[in-house]
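Me: Please take a close look at one part for me, the pairing of charged side chains. I would like one connected answer that also says how each term is used.

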Amino acid sequence: MKYSIQGDTLPVAICTLDAGESVITESGAMSWMSPNMKMDTKGGGIGKMVGRAFSGESIFQNIYTAQGGEGMIALASSFPGCIKAFEITPGNSIILQKSAFLAGDSGVELSIHFKKKLGAGLFGGEGFIMQKVSGTGTVLAEFDGHVVEYELEAGQQLILDTGYLAAMTEGCSMDIQTVPGIKNMFLGGEGIFNTVVTGPGHVWVQTMPISNVAAAISRYIPTGN
């Protein structure tokens with residue numbers, strides 16, 4: 001699959017496929033395409049369907065295949081932000097935030113990724129269940145806002161507010177820690193919990209989590225008559 005990512009804050013990935021080549025997309029991701037692209041919707045078994053539901057994706061995926069020659073399909077971002085491409089190889093998986101997966105080669109596999117500690121899931125809010133992409137091929141993922149990247153050495157840590165972790169390589173680990181001090185928790189305006197990512201590995205941080213945008217907008221939406 002060849003691709004080009006165009007646009008700034010509302011990007012689109014335009015993918016070109018050779019005859020017989022396929023691309024897997026999330027339900028509703030297609031924006032426009034050439035007429036020789038054939039769509040086939042699949043669930044992939046109960047286990048995979050349940051896993052996708054838990055990780056924030058549709059339980060169904062669409063497979064688009066170019067027929068009779070070169071085909072084209074465009075996949076637009078669903079929220080102001082950016083689209084990033086990752087090259088996946090055996091032993092080189094990537095962990096993505098919920099709903100980040102946009103499309104990928106037919107050789108990639110999407111599964112759920114849990115934080116190791118149950119407490120992180122119960123109290124950490126966003127990011128308890130993430131997506132793991134493995135296999136072989138190119139993956140396109142969409143993130144909220146712009147993306148800042150960090151390379152962490154073994155044992156090096158990065159502390160993030162909830163929702164800002166966009167992706168990380170599988171060598172990284174993550175956990176939830178409480179903000180120190182009762183006054184800081186309730187008067188600091190930063191929430192009670194932070195996400196802690198520990199290296200070694202690469203980390204992608206997004207600058208405008210959709211959950212933060214929704215919370216800001218909700219203050220201006222009337223709740224009753």
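## Salt bridges

Reply: D40 is partly exposed, with a relative accessible area of 34%, where buried means under 20%, exposed over 50% and partly exposed in between, using a 1.4 Å probe and protein chains only. The model is predicted, so local features need pLDDT of at least 70 and side-chain atom pairs count only at pLDDT 80 or more, while totals for chains, interfaces and linings use all residues. Residues are numbered from 1 along each chain as its sequence is written, and side-chain values use heavy atoms, leaving out hydrogens and water.

D40 pairs with K42 in a salt bridge at 3.9 Å, N to O, the term meaning a side-chain nitrogen of Lys or Arg within 4 Å of a carboxyl oxygen of Asp or Glu. K42 is also partly exposed, at 46%. The structure holds three salt bridges.

In another of them, K2 meets D18, with the closest N and O atoms 3.4 Å apart. Because K2 lies in strand β1 (residues 2–6) and D18 in the loop between β2 (12–17) and β3 (22–26), the pair ties together parts 16 residues apart in sequence; strands (E, at least two residues), like helices (H or I, at least four), are DSSP runs numbered from the N terminus. K2 is partly exposed at 45%, and D18 is partly exposed at 40%.

K132 and E170 form a salt bridge at 2.9 Å, N to O. K132 sits in strand β12 (129–135) and E170 in the loop between β16 (165–169) and β17 (173–178), so this pair joins parts 38 residues apart in sequence. K132 is partly exposed, with a relative accessible area of 23%, and E170 counts as partly exposed at 37%.
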